[in-house]
Amino acid sequence: MDPTISVQNPEKKEDSSVCVGREDDIKKSKRMTAVVHDREVVIFYHKGEYHAMDIRCYHSGGPLHLGEIEDFDGRSCIVCPWHKYKITLATGEGLYQSINPKDPSAKPKWCSKGIKQRIHTVTVDNGNLYVTLSKEPFKCDSDYYATGDFKVIQSPS
């Protein structure tokens, strides 16, 4: 992975798709970062599918573009490198293991904290990769770290 692969786009119409790169490039690197309408995102190519989400972890702003992808309970997740929070690539749900303390023979099971990480739409057209920011009206925990002082992508000088 080359975390230096990033795309900046000054286009300001926030509901439009933004070209973030070539499909061939992300298939080689498996991930890339981009700035889409002033919002930093990470795009993953995993098991033949594209996923995009806010680049900073909802928990405390960890750099998800540096995390590892692992499967938990049949769901592909990015694992935040700071605190090991597990976030599903497909939905942005935070996952955790739970056990019933009143049942000593109980086995831990995977549970959802709900949608914590804002995910975005990725489309491919003529070999180009486009990201459209989520228009979901709910407040998402990752929104706090998505812009402003928490940016991680360096602007070209």
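Is Arg39 buried or exposed? Arg39 is buried, and its relative accessible area is 15%. Buried here stands for under 20% relative accessible area, exposed for over 50%, and partly exposed for the range in between, with a 1.4 Å probe and protein chains only.

Two remarks on the basis of these values are in order. The model is a predicted one, in which local features need pLDDT of at least 70 and side-chain atom pairs count only at pLDDT 80 or more, while totals for chains, interfaces and linings use all residues. Residues are numbered from 1 along each chain as its sequence is written, and side-chain values use heavy atoms, with hydrogens and water left out.

Let me turn to the salt bridges. Side chains of opposite charge can pair when their charged atoms come close. The term is used for a side-chain nitrogen of Lys or Arg within 4 Å of a carboxyl oxygen of Asp or Glu. By that criterion, the whole structure holds seven salt bridges.

One of them joins Arg39 to Asp143, with 2.6 Å between the closest N and O atoms. Arg39 belongs to strand β4 (residues 39-46) and Asp143 to the segment after β12 (128-132), so this pair ties together parts that are 104 residues apart in sequence. Strands are DSSP runs of E with at least two residues, numbered from the N terminus.

What does Asp143 touch, leaving aside its neighbours within four places in sequence? Asp143 is in contact with Arg39, Asp54, Arg118 and Phe138, where contact means heavy atoms within 4.5 Å. Salt bridges with shared partners also join Arg39, Asp54, Arg118 and Asp143 into one network. Arg118 has a further arrangement: its charged end sits over the ring of Phe138, 5.0 Å from the ring centre. For this, NZ of Lys or CZ of Arg must be within 6 Å of the ring centre and within 35 degrees of the ring normal.

A second salt bridge to consider is that of Lys47 and Asp71, at 2.4 Å from N to O. Lys47 lies in the loop between β4 and β5 (49-54) and Asp71 in strand β6, so here the parts tied together are 24 residues apart in sequence. Lys47 is exposed, at 58% relative accessibility, whereas Asp71 is partly exposed, at 40%.

Asp73 and Arg75 also form a salt bridge, their closest N and O atoms being 3.4 Å apart. Asp73 is exposed at 51%, and Arg75 is partly exposed at 25%.

I come finally to the aromatic rings. Rings of Phe, Tyr and Trp (its six-membered ring) pair if their centres lie within 6.5 Å; planes under 30 degrees apart are stacked, over 60 edge-to-face, and the rest tilted. This rule gives four aromatic pairs. Among them is the tilted pair of Tyr45 and Tyr50, at 4.9 Å centre to centre and with 45° between the planes. Both of these tyrosines are buried.

Phe72 and Trp110 form another tilted pair, with 5.0 Å between centres and 55° between planes. Phe72 lies in strand β6 (residues 68-72) and Trp110 in strand β10 (residues 109-115), so the pair ties together parts 38 residues apart in sequence. Phe72 is buried at 12% relative accessibility, while Trp110 is partly exposed at 21%.

Note on methods
Helix = DSSP H or I, 4+ residues; strand = E, 2+ residues; numbered from the N terminus.
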